[in-house]
Amino acid sequence: MTETSVVNLDFVGRTYPPSGPYAVSAAQIAAFAAAVGSDDPLHHDAEAARAAGHAGVIAPPTFAVTISQQCDRAYVMDPEAGVDYSRVVHGEQRFVHHRPITAGDELTGELTVDSIRMAGGHAMITTRTELTAGGEPVCTSTSTIVVRGGEDR
């Protein structure tokens, strides 16, 4: 028998104050690219990136998760939100890039709780993080996490 998650449903629509800035370096981009198996020179070679019209090396598209998850921390660690992080499973991640994340960027993230849906005693929570640099949009990161309901013992 499962018990209902104690996630606070009143957090739907809540936007947290911007967090950051998060400095993006060429070394971080190269390390992430290596970790995901990308040998694209745009992620490793500044000259190749500049020749392609970028200011510096650009991050693989999924690099945005490294920053958006730091922004998510404001919500999941908020004691009033009721998220038991030990019961969280990552469900889905989507990105809409407005421009590539580039070495030298100073990103700021603003997190909004878009929805909380209960299903079978579990909370399905969708958050959206707007990443900006100098006030200009860079990436919209949407994440769905599942907070598993507990079991009576």
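A residue is called buried when its relative accessible area is under 20%, exposed when it is over 50%, and partly exposed in between, as computed with a 1.4 Å probe on protein chains only. The model is predicted, so local features need pLDDT of at least 70 and side-chain atom pairs count only at pLDDT 80 or more, while totals for chains, interfaces and linings use all residues. Residues are numbered from 1 along each chain as its sequence is written, and side-chain values use heavy atoms, with hydrogens and water left out.

The interior comes first. A nonpolar core is here a set of buried Ala, Val, Leu, Ile, Met, Phe, Trp, Tyr and Cys residues joined through side-chain atoms within 4.5 Å. The largest such core has 16 residues, and those with the most contacts inside it are Val 24, Phe 63, Ile 67, Ile 101, Leu 107, Leu 131 and Val 138. At least two residues of this core come from each of helix H1 (26–35), helix H3, strand E4 (122–133) and strand E5 (136–147). Helices (H or I, at least four residues) and strands (E, at least two) are DSSP runs, numbered from the N terminus. H3 gives the largest share of the core, 3 residues. In soluble globular proteins, nonpolar side chains tend to be buried together.

Leaving out residues up to four places away in sequence, Val 24 touches Ile 29, Phe 63, Ile 67, Ile 101, Thr 102, Ala 103, Gly 104, Asp 105 and Leu 107, where contact means heavy atoms within 4.5 Å. Another core, of 14 residues, lies apart from the largest one, and Tyr 16, Leu 111, Val 113 and Ala 123 are among its members.

Helix H3 spans residues 64–76 and includes Ser 68. Ser 68 has a relative accessible area of 1% and is therefore buried. Beyond its neighbours within four places in sequence, Ser 68 is in contact with Gln 93, Thr 129 and Ser 141.

Next, the cysteines. The structure holds 0 disulfides, a disulfide being a pair of cysteine sulfur atoms within 2.5 Å. For Cys 71, the nearest cysteine sulfur is that of Cys 139, 11 Å away. Cys 71 is buried, at a relative accessible area of 3%, and Cys 139 is buried too, at 0%.

The charged side chains remain. Side chains of opposite charge can pair when their charged atoms come close. A salt bridge is counted when a side-chain nitrogen of Lys or Arg is within 4 Å of a carboxyl oxygen of Asp or Glu, and a search of the whole structure finds 4 of them. One of these joins Glu 92 and Arg 94, at 3.1 Å from N to O. Glu 92 is partly exposed at 37% relative accessibility, as is Arg 94 at 42%.

Arg 128 pairs with Asp 114, their closest N and O atoms being 2.9 Å apart. Because Arg 128 lies in strand E4 and Asp 114 in strand E3 (residues 106–119), the pair ties together parts that are 14 residues apart in sequence. Arg 128 also meets Glu 130 in a salt bridge, at 3.4 Å from N to O. Relative accessibility is 25% for Arg 128, 31% for Asp 114 and 26% for Glu 130, so each counts as partly exposed.
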